Amino acid sequence: PPPGLLQTPMAMIGKIFGPRKFTGPLEHACVFMIAVGVSIGFTCVLAAVNYFSITLFNDRKEFLYLCLAVYLPSLPAVMFQLKYDRMLDRWVGSRNSFGFRAAVYYISMGLIMIYLPIGPASPEVREEPTWYRQPPLLIGVTILGTFSAFSYGTFFQLVSFLPSRNGTCTAVFSMGYQGAGIIALILALLIGFRTKPSDLQVKAFFWAAGALEFLAGIAYLVLAQWSTVFNVAIDDRDYEASEYRSMQSGSPSMDRIMTPVMASKRKQMGSLEIKSPVVPTKASEGTTLLEAYELEERDTRSDIFIHTGSGSNIVENYPKLEEDNDWNTFTQVAPCVLSIFLNIFASVFLLPFYTFFQTNSPKLPQALFFTKLLSDTIGRPMTLLLPKIMDQKVLLALSGLRICFLAIFLANILGCMPLGNTEVIFLVGIFSAGSGFIGTSAYQLAPSLVTGSFNKSQVANMLNFAFHLAVAVALLTSAVLTHLLDFIVH
């Protein structure tokens with residue numbers, strides 16, 4: 001066939017699988033599916049709010065219990081990651097560490113989703129006493145929430161050090177994480193999963209979520225096998241880890257300390273020429289990717305590998321340097337961390353109250369839950385369409401302003417401000433869209449304020465800690481207030 005007929009398909013294949021500096025369609029598709037796998041399990045559990053609170057248990061506080069089971073394990077999980085993740089990556093290797101964790105997370109979450117509809121979530125057990133069927137359900141959901149929390153922290157670290165233009169990869173991860181709600185809605189509509197589903201519909205709904213967990217694991221395998229960008233980034237991370245080990249065992253040579261380009265980049269990119277200006281702005285056509293990295297990435301190595309006088313000084317002062325570096329990193333991103341805390345606190349605080357709004361419609365709680373997920377998902381890509389927020393103080397102010405919405409919702413719940421179902425759904429939609437926009441903006445901005453793979457991972461862990469701390473504080477506060485409301489009513 002004429003060369004022109006093959007040129008376009010081959011060019012497309014080259015763009016997807018060929019070597020490049022920034023993430024592209026392959027990485028974004030895999031990251032999106034990975035993020036869906038992180039949240040699709042517990043999202044489907046919470047999306048069944050009407051089924052659990054009305055049909056299975058006939059208790060509007062059941063949704064609160066499920067929220068607690070899903071989210072409370074996240075705080076100890078992220079504290080564990082803050083303490084041990086960096087150590088594990090350095091000693092086992094980031095490639096092995098991420099691969100092993102991905103396999104454990106997705107297989108475990110998939111199996112739990114298979115178990116729930118044939119166990120404590122089955123309609124066939126609704127005649128059993130609550131004390132008999134509720135503990136297995138909450139234990140299963142708690143384990144699901146634990147693995148989800150670990151996977152969220154792990155894969156947010158991953159996207160934080162993958163090089164992408166304007167934080168696109170982070171936005172895609174956020175969209176996938178929240179977009180699982182849209183997928184859950186589509187599954188519910190296709191399967192007919194409503195307030196009183198049949199046994200077959202319950203199994204189909206939860207097993208479909210389990211299948212998506214396994215699919216997310218396959219997406220990680222594709223990323224690790226086919227993405228040049230991923231492999232370069234992960235090899236660079238392991239290179240930093242090898243430098244750390246060599247510092248502990250003895251002084252590394254100054255050539256290694258001052259190496260401007262990581263070994264993996266020399267190996268994989270040294271002989272590849274740039275044919276079009278799709279890589280660094282300083283690189284011209286014909287420049288090798290190795291030279292491009294030397295031009296553009298001299299400052300992206302971890303701060304610990306800069307020249308400080310002599311190799312021996314680095315070795316002797318490393319523990320203090322690392323400790324000081326963590327604190328300095330936190331001070332650089334503290335407003336973003338606080339923005340995440342306030343933003344997530346407001347969203348999660350309101351979540352258990354969906355079953356407490358003044359309404360005559362039993363469908364409102366589920367409608368509010370899907371409205372939240374859909375609006376939050378829409379708010380996330382808006383960070384790529386609207387002007388990018390580059391000032392942390394602006395994000396912090398927006399997060400504080402959003403807290404004021406809670407007063408309106410609480411006034412309606414207490415009967416002080418009557419609102420129709422449509423008005424409540426509209427306000428929850430605006431409230432949730434703001435959450436998606438503010439949260440994604442903070443996740444994009446914070447890692448860009450520091451350099452170095454491990455520093456970016458530490459920022460990811462700090463944001464993750466703020467996220468899950470806010471979840472825990474919000475749910476505990478909601479638990480106290482919901483029981484107080486029941487006491488006042490009765």
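Mentor: The largest nonpolar core has 117 residues, and Leu 46, Phe 52 and Phe 155 touch the most other members. A nonpolar core here is a set of buried Ala, Val, Leu, Ile, Met, Phe, Trp, Tyr and Cys residues joined through side-chain atoms within 4.5 Å. Buried means under 20% relative accessible area, exposed over 50%, and partly exposed in between, with a 1.4 Å probe and protein chains only. Helix α2 (residues 25-47) gives the most to this core, with 14 residues. Helices (H or I, at least four residues) and strands (E, at least two) are DSSP runs, numbered from the N terminus.

The model is predicted: local features need pLDDT of at least 70, side-chain atom pairs count only at pLDDT 80 or more, and totals for chains, interfaces and linings use all residues. Residues are numbered from 1 along each chain as its sequence is written, and side-chain values use heavy atoms, with hydrogens and water left out.

Phe 155 touches Ile 34, Val 38, Ala 102, Tyr 105, Tyr 106, Phe 173 and Tyr 220, not counting residues up to four places away in sequence; contact means heavy atoms within 4.5 Å.

α2 and helix α7 (residues 130-161) pack at an angle of about 160°, with their axes 10 Å apart. Axes are lines fitted to C-alpha atoms, for helices over the stretch in contact, and angles run from 0 to 180 degrees between N-to-C directions. α2 and α7 are therefore roughly antiparallel to each other, given that angles under 35 degrees count as roughly parallel, over 145 as roughly antiparallel, 65 to 115 as roughly perpendicular and the rest as oblique. On the α2 side the contact includes Ile 34, Val 38 and Phe 42, and on the α7 side it includes Leu 144, Tyr 152 and Phe 155. By class, this contact of α2 with α7 has 10 nonpolar, 3 polar and no charged residues. Ala, Val, Leu, Ile, Met, Phe, Trp, Tyr, Cys and Pro count as nonpolar, Asp, Glu, Lys and Arg as charged, and the others, Gly among them, as polar.

Helix α5 (residues 74-92) and helix α6 (residues 94-115) pack at an angle of about 125°, with their axes 6 Å apart. That makes α5 oblique to α6. Their contact includes Asp 85, Leu 88 and Asp 89 of α5, and Phe 98, Arg 101 and Tyr 105 of α6. By class, the contact of α5 with α6 has 4 nonpolar, 4 polar and 3 charged residues.

Thr 170 lies in helix α8 (residues 168-191) and counts as buried at 6% relative accessibility. Thr 170 touches Phe 156, Val 159, Tyr 443 and Gln 444, not counting residues up to four places away in sequence. Ser 53, in helix α3 (residues 49-56), counts as buried at 6% relative accessibility.

Of its 490 residues, 55% count as buried.
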